Amino acid sequence: MNARLRAFADGGGPVHHDREMDVYVISSHEAAKTVLADPAFVTDRLDRLLPRLGGFDELPSLLNAMLRLFMDGPAHDRFRLTVTRDLAPKRIEEMRPRIGAIAEAALDGLRDRPAFDIVADLAYPVTAGVIAELLDIGVEGARALLGFASRIFAVLELRPDEQQLLDAGEAVRDCATFLLPLLPERSANPGRDLISSLVTLELDGAPLPIEETLTIIVQILIAGHEPPAHLIANGALELLRHPAQARRVRDDPRLAASAVEEILRLDSPIGYLSRTATEDAVLAGNPIPKGAQLVLDLAAANRDPARYDAPDRFDVLRPDPGHLSFGGGAHYCIGRALGRAEAEETLRRLFVRFPDLVLAGEDLTTRPSAAFHALDRLPVRRA
Ligand code: HEM
């Protein structure tokens with residue numbers, strides 16, 4: 001959430017109409033939860049972006065197809081059907097030892113370093129390793145793809161500029177060029193990875209068209225890489241700032257899961273969610289006209305004093321954090337089991353392997369983004 005929206009959310013009550021941006025900022029837990037659960041509030045990113053893509057006939061094809069997967073409608077329903085099985089909690093539990101091994105290998109690489117950066121040296125290598133595993137493309141392949149994917153994130157911002165959209169369209173094409181040769185290979189020789197699963201899947205008796213397969217993979221790349229990386233870095237920061245709680249997590253592996261829920265509540269990697277009202281509505285006593293754009297401020301909702309005792313306190317033992325950091329309703333994060341497992345496996349190991357870890361300065365900057373609550377760097381050192 002950018003500073004302007006934040007200021008409104010702080011001072012403007014649970015529902016605030018920002019006239020200049022013409023958005024309704026929702027900052028109470030109850031109102032945000034209501035919006036997420038109500039199918040009258042839809043995701044319509046493409047409708048908002050398309051008019052601004054006018055004139056770039058070449059650009060939108062794959063990017064449009066990809067964005068359509070995020071939007072309410074048949075393409076979105078199909079998308080969820082295609083990937084649900086591969087990201088289901090049971091499948092992720094089977095993957096968990098590999099996720100632990102990926103985190104362990106990243107930490108091995110830091111063993112002899114007196115100082116390092118949690119973001120660049122741990123969080124991104126772990127999530128890239130997990131993407132490599134999920135797609136079976138090797139770490140180099142994952143790095144190449146994620147380099148392209150990072151240019152696509154602009155479409156998640158509230159008001160991306162034309163150049164960013166153009167670049168995002170080209171980046172989707174770069175991803176497709178990388179992935180295209182893999183599809184026939186996996187089809188002929190399928191493994192346990194997500195690409196194999198997609199190329200061998202039949203929906204309504206027919207295989208997925210190639211374009212759909214490509215855009216699904218790209219979607220998973222962009223949705224599945226950055227948020228868990230930021231969750232790991234944000235979580236490391238909370239635990240470094242609360243050493244007694246870090247010790248508890250280190251000493252009792254069962255606490256990793258509740259610690260990660262509390263980190264998700266206090267430091268949601270996603271800053272806001274956007275919805276459009278398809279009919280007139282009333283939220284917390286405020287009229288919302290049909291067609292209005294809503295911005296759900298997750299940081300505010302997750303710290304709503306009406307929902308949480310001592311909402312700003314970090315407490316790894318907090319019962320039922322019930323945060324909204326994975327969204328809810330039709331778009332409820334499909335990769336939440338994987339994201340949780342990545343953060344749990346990495347954060348606990350970090351404090352087991354480096355019990356003497358401390359922050360190397362408090363001069364921390366966050367990414368200039370409303371979409372992500374993300375640290376640029378998190379320098380640490382051995383005490
Ligand atoms: C742990 C960190 C993660 C966080 C905080 C997170 C958060 C979210 C949120 C808030 C949404 C809802 C977006 C909306 O309603 O507009 C979402 C959707 C989604 N997430 Fe995650 N996510 C995480 C990890 C992952 C991972 C690891 C994957 C895949 C490998 C993934 C895949 C997706 C997909 C595909 C969607 C779109 C679902 C839909 O529109 O139906 N996420 N995520």
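## Two packed helices

Angles over 145 degrees between two axes count as roughly antiparallel. In this predicted model, helix 8 (residues 138-149) and helix 9 (residues 162-179) pack at an angle of about 160°, and their axes lie 8 Å apart. Helix 8 and helix 9 are therefore roughly antiparallel to each other.

On the side of helix 8, the contact is made by Gly141, Ala144, Leu145, Phe148 and Ala149, while helix 9 contributes Ala171, Asp174, Cys175, Phe178 and Leu179. Sorted by class, the residues in this contact of helix 8 with helix 9 are eight nonpolar, one polar and one charged.

## The shell around the ligand

The ligand is surrounded by 26 residues, of which the closest are His76, Arg80, Arg275, His331 and Cys333. The shell divides by class into 16 nonpolar, seven polar and three charged residues.

Two or more residues of the shell come from each of helix 5 (74-87), helix 12 (210-241), strand 7 (272-277) and helix 16 (336-353); helix 12 gives the most, with six residues.

## The iron atom

The ligand contains an iron atom whose only protein donor is the SG atom of Cys333, at 2.3 Å. Cysteine 333 is placed in the loop between helix 15 (298-302) and helix 16, and Cys333 is also listed among the residues closest to the ligand.

Notes
Residues are numbered from 1 along each chain as its sequence is written. This is a predicted model: local features need pLDDT of at least 70, side-chain atom pairs count only at pLDDT 80 or more; totals for chains, interfaces and linings use all residues. Side-chain values use heavy atoms; hydrogens and water are left out. A residue is near a molecule or strand if one of its heavy atoms lies within 4 Å of it. Helices (H or I, at least four residues) and strands (E, at least two) are DSSP runs, numbered from the N terminus. Ala, Val, Leu, Ile, Met, Phe, Trp, Tyr, Cys and Pro count as nonpolar, Asp, Glu, Lys and Arg as charged, and the others, Gly among them, as polar. Axes are lines fitted to C-alpha atoms, for helices over the stretch in contact, and angles run from 0 to 180 degrees between N-to-C directions. Angles under 35 degrees count as roughly parallel, over 145 as roughly antiparallel, 65 to 115 as roughly perpendicular and the rest as oblique. Contact means heavy atoms within 4.5 Å. Donors are N, O and S atoms within 2.8 Å of the metal (3.2 Å for Na, K and Ca); water is not among the atoms, so sites may look incomplete.
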